[in-house]
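Here is a short briefing to read alongside the sequence and the coordinates. Keep the viewer open and follow along topic by topic.

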Amino acid sequence: MALAGYLYIQNTNAEDLKQKITLKKAPILDSYSEQRDSFNYLNNLRYKAGMSKFLYNKTLQKSALSHAKYLIKNNKIGHYEVLGESEFTGVLPKDRVVKAGYKTGLSIENVSSNSIGYEDSVDGLFAAIYHRFGFLNFQVDEIGVGVSQDQNDSSKTAYVYNMGIYEINDLCSGSSYSGRGGYTYHICKDSEFRIEKRAFDDGYNACYKRDKKIVVYPYDKQEEIPPAFYDELPDPLPDHRVSGFPISIQFNPYYVHRVKLESFELFLGEQKVEDILIYDHLSDINSIIKPNEFALFPLKRLEWGSEYKARVAYKIDGKSHIKEWSFRTKKLPFKIITVEDRKTKIEISNIKPTILYFKPKNSTDTLDDIKYPKELDIEFIDKNTIKITTKAEVGKSFKLKISKRVIEVVVN
């Protein structure tokens, strides 16, 4: 009855590019503040989505921090540790939480690597569908967060989230059941420890009872949603390096035993988004999504600063229902220039930054090779969007070469 672990990797830094370039140095993080703020930010999103807030568990925090340190110390990503390497505390997440003092190995682990700040980490994990369903899992109700950063390279960070079940951990902390009734075992640290079947069922279902019948994400009226999805391990869209932010709906299995999805649609204004893929437990190529979980993948990026509406038609026990909700993608604070041609000329200000959005031409079109003069300062917003700033005099012109595109930049 082990739960799961998922990995999300941020790759918008210089190491992901074919040509080494100079970008602004990542900030030095206060790990304690990042752990606290990650917890609060995540709980705010869970609550607004219709789920109970996580309890904070110091033991899970200990295991999460130990793994974050291991990843940074050994320059690794992922959920596995190797015996004998520095900071080793357990091969698997369930081993590490038990090693830290948690009484059961029932846990979920989310990991993001190379995120710059807690919002970047949590938002990135919510953009990755398997990680999102990890954070919005109906079974777990407590968490510990660990954050570590490479002291020699501030762009290398590890955010680890270990989630568990308070009620089951509490049962495993008591006395082994010795009665004659039904019992469950192979759940606690001591594999022979017995939990009365009824007590286990009550504890296992306690989380479900506190959450809403239906949970959607983005939640209704949510703002500042990233327009794109890029990377996740395992990868739900292996043929795409860039696609749109996925939309999801989950039905709480405590209240809904069987649900049939009839349609799942997304609209930009009144225009239906046609190029989509619907994921459920049957179509999921990685066999991770559960029967009560559904996801809509826009196969093209969403637009910046736009309002979208989702519409789901479904049946529960033969009765038809419709659920509609809306959300808005991030609105960037500076002038946006959309670049679609291979060669183009643009004008920028030497007072305010300018955003260049390179609209993907296909499912693998992300920014890689980049060459630019020292008079320009480049900052990545995502893998198709950059912010450029210059202090050059009015009238100056430069050439920016990026992903086989040539942009003549004129300062006005």
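The notes below cover the disulfide, the aromatic rings, some backbone details and one lysine.

This is a predicted model, so please read the values with that in mind: local features need pLDDT of at least 70, side-chain atom pairs count only at pLDDT 80 or more, and totals for chains, interfaces and linings use all residues. Residues are numbered from 1 along each chain as its sequence is written, and side-chain values use heavy atoms, with hydrogens and water left out.

**Cysteines**

- A disulfide is a covalent bond between the sulfur atoms of two cysteines.
- With the cut-off used here (a pair of cysteine sulfur atoms within 2.5 Å), the count comes to one disulfide.
- That disulfide is formed by C172 and C188, whose sulfur atoms are 2.0 Å apart.
- The link of C172 and C188 is left-handed, with -75° about the S-S bond.
- The pair links distant parts of the chain, 16 residues apart: C172 is in helix α6 (residues 166-172), and C188 is in the loop between β6 (183-184) and β7 (195-196).
- Helices (H or I, at least four residues) and strands (E, at least two) are DSSP runs, numbered from the N terminus.
- Both C172 and C188 are buried; buried means under 20% relative accessible area, exposed over 50%, and partly exposed in between (1.4 Å probe, protein chains only).
- C207 is in no disulfide, and the nearest cysteine sulfur, that of C172, is 14 Å away.
- C207 counts as buried too, at 1% relative accessibility.

**Aromatic rings**

- A pair of aromatic rings is described by the distance of the centres and the angle of the planes.
- Rings of Phe, Tyr and Trp (its six-membered ring) pair if their centres lie within 6.5 Å; planes under 30 degrees apart count as stacked, over 60 as edge-to-face and the rest as tilted.
- By this rule there are 16 aromatic pairs.
- Y183 and Y185 make a tilted pair, because their ring centres are 5.9 Å apart and their planes are at 50°.
- Y183 is partly exposed, with a relative accessible area of 34%, and Y185 is partly exposed at 36%.
- Why is the pair of Y279 and F297 edge-to-face? The ring centres of Y279 and F297 are 5.4 Å apart and their planes are at 75°, so the pair is edge-to-face.
- This pair links distant parts of the chain, with Y279 in strand β15 and F297 in strand β16, 18 residues apart.
- Y279 counts as buried at 3% relative accessibility, and F297 is buried at 0%.
- One aromatic cluster is formed by F126, F135, Y161, Y217 and Y219.

**Charges over rings**

- A charge sits over a ring if NZ of Lys or CZ of Arg is within 6 Å of the ring centre and within 35 degrees of the ring normal.
- The charged end of K53 sits over the ring of Y47, 5.2 Å from its centre.
- K309 lies over the face of F267, at 5.5 Å from the ring centre.

**Backbone details**

- The peptide bond from Y217 to P218 is cis, with omega near 0°, and P218 is found in the loop between β8 (214-217) and β9 (222-225).
- Another cis peptide bond joins L233 and P234, with omega about -5°; P234 is found in the loop between β10 (228-229) and β11 (243-244).
- S287 has a positive phi of about 55° although it is not a glycine.
- You will find S287 in the loop between β15 (276-279) and β16 (293-298), where S287 is exposed, with a relative accessible area of 62%.
- S403 has a positive phi of about 50°, and it is not a glycine either.
- Is S403 buried or exposed? At 9% relative accessibility, S403 counts as buried, and S403 is found in the loop between β25 (397-402) and β26 (405-411).

**The lysine at position 345**

- K345 is found in strand β20 (residues 343-348) and counts as exposed, at 55% relative accessibility.
- Which residues does K345 touch, not counting residues up to four places away in sequence? K345 touches E408 and V410, where contact means heavy atoms within 4.5 Å.
- K345 and S178 are 167 residues apart in sequence and 79 Å apart in space, C-alpha to C-alpha.
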